[in-house]
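Visitor: Could you walk me through this model and tell me what stands behind each label?
Guide: Gladly, let us take the labels one at a time.

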Amino acid sequence: MAWLDSLFNRMVEVGASDLHMTSGRKPVLRVDGEMVTIEECEAITPDQMRQILFEITPAANVSQFQNEHDTDFAYEIENLARFRANLFEDNRGPGGVFRVIPAEILTAEQLGLPASVMDLCSLSKGLVLVTGPTGSGKSTTLAGMIDHINATRSEHIITIEDPIEFVHGDRKCLVNQREVGGHTESFKRALRAALREDPDIILVGELRDLETIEIALETAETGHLVFGTLHTTTAASTVDRIIDQFPADRQAQIRTMLSGSLKGVVAQTLCKKVGGGRCAALEILLVNSGVASLIREGKTHQITSQMQMGGKAGMRLMNDSLAELVQSGTVSPDEALHRSVDRHGLTALLNEGPSGTPLVSPSPKMGSVPAAPLPHSGEKSSEGDSFERFKRMQKGSN
């Protein structure tokens with residue numbers, strides 16, 4: 001049992017989303033969005049950190065880390081969860097961040113995805129994007145959508161990820177999952193190869209560069225359904241981000257391609273729920289003829305107006321979702337304002353709400369979140385003797 005396994009078990013027990021390991025200080029968990037130091041652990045020296053991290057790192061990733069000073073991989077504890085790992089080097093020494101990926105894929109119903117989002121899963125071709133900042137739940141939403149397709153359609157699904165996060169078994173679909181670095185050189189190489197692998201649906205973990213975006217657009221145009229992610233905060237900015245990736249002399253052509261292939265954008269952010277836990281607020285853009293015309297003509301600044309008029313079709317703005325969460329008592333006004341990119345607009349919505357929701361300061365109070373106790377470094381537990389090993393490591397380094 002690796003030393004980190006004890007912390008991974010604790011992560012799952014307390015519902016933490018991330019574990020941060022930094023040289024020179026104690027480990028830190030992110031619980032419901034808050035950073036919580038594990039006081040029961042001792043500060044970890046750079047040499048100890050290197051030993052702890054390399055204990056679970058595949059040999060190829062150890063080599064990459066030593067040459068390039070960062071690396072990504074997935075680590076799994078059977079019957080517990082998978083963990084997406086990123087190792088890095090900073091001014092303090094080696095470090096790592098680990099995100100928990102639940103062993104069980106949440107269904108669309110459990111995630112509360114609206115019908116307009118699920119309708120995107122029934123498309124035969126086109127480009128569907130799930131966007132949001134890092135840690136906003138994009139992978140979870142996409143996993144729920146792919147799982148729905150896997151349960152309801154008989155298709156061939158190829159996923160290209162870095163690393164593989166949620167593992168999809170074959171249900172009604174045949175699912176092939178490829179990992180960048182382990183199974184393929186890059187997203188663009190795997191995406192180009194996928195066209196020769198008879199896919200119906202392709203999931204691209206991240207549209208990172210111009211060439212990957214261009215191949216994804218071409219793939220969507222040629223009769224495939226392509227899902228992908230971008231780090232944008234709104235639906236309209238997603239369209240602009242894609243177009244702005246290309247040189248000015250190609251942007252007219254890309255606008256035409258995008259207007260024909262883009263079918264929907266789901267932008268999301270995670271909010272802290274009243275009483276604990278987190279939930280997603282969604283902004284939904286469905287590309288109808290009016291939106292397609294705006295994209296083609298370079299009038300993306302008018303997309304927001306189209307979304308406001310498209311409520312009956314299932315479109316919604318982020319502020320509408322946030323206001324709904326506040327009015328239902330799921331999220332506090334403080335938290336909603338903190339997550340909104342248009343606070344003045346959200347303030348107006350909340351003031352107009354039927355419940356007369358009181359407004360508070362836009363700056364949320366960063367209260368502390370208690371962490372469940374961990375075994376002391378010299379203490380043996382049912383999780384094994386990993387903390388005892390850590391104590392010996394510390395004595396050895398002294």
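Visitor: Why is Cys279 called buried?
Guide: Buried means under 20% relative accessible area, exposed over 50%, and partly exposed in between, with a 1.4 Å probe and protein chains only. Cys279 has a relative accessible area of 14%, so it is buried. Cys41 is buried because its relative accessible area is 4%.

Visitor: What kind of model are these values computed from?
Guide: This is a predicted model, where local features need pLDDT of at least 70, side-chain atom pairs count only at pLDDT 80 or more, and totals for chains, interfaces and linings use all residues. Residues are numbered from 1 along each chain as its sequence is written, and side-chain values use heavy atoms, with hydrogens and water left out.

Visitor: How do you know how many disulfides the structure holds?
Guide: A disulfide is a pair of cysteine sulfur atoms within 2.5 Å, and the structure holds zero of them. Take Cys279: the nearest cysteine sulfur belongs to Cys271 and is 5.5 Å away, and Cys279 is in no disulfide.

Visitor: What makes strand 9 and strand 13 edge strands?
Guide: Strands (E, at least two residues) and helices (H or I, at least four) are DSSP runs, numbered from the N terminus, and two strands pair if DSSP finds at least two bridges between them. The open sheet has seven strands in the order 9-8-10-11-7-12-13, with mixed pairing. Strand 9 (174-179) and strand 13 (278-286) each have a single partner strand, so one side of each is left without a neighbour in the sheet.

Visitor: How do you know that strand 8 and strand 10 pair?
Guide: Four bridges join strand 8 (residues 156-161) to strand 10 (residues 201-204), and the two run parallel. In strand 10, Ile201 is the bridge partner of Ile157.

Visitor: Which strands does helix 7 touch as it packs on the sheet?
Guide: Contact means heavy atoms within 4.5 Å. Helix 7 (residues 187-194) touches strand 8, strand 9 and strand 10. Its direction makes about 165° with that of strand 8; axes are lines fitted to C-alpha atoms, for helices over the stretch in contact, and angles run from 0 to 180 degrees between N-to-C directions.

Visitor: What makes Asp32 stand out?
Guide: Most residues other than glycine have a negative phi, and most peptide bonds are trans. Asp32 is not a glycine, although its phi is positive, about 50°. Asp32 sits in the loop between strand 2 and strand 3. Its relative accessibility is 22%, so it counts as partly exposed.

Visitor: Why is His69 called partly exposed?
Guide: His69 has a relative accessible area of 42%, so it is partly exposed. Its phi is near 70°, a positive value in a residue other than glycine, and its place is in the loop between helix 3 (59-68) and strand 4 (70-77).
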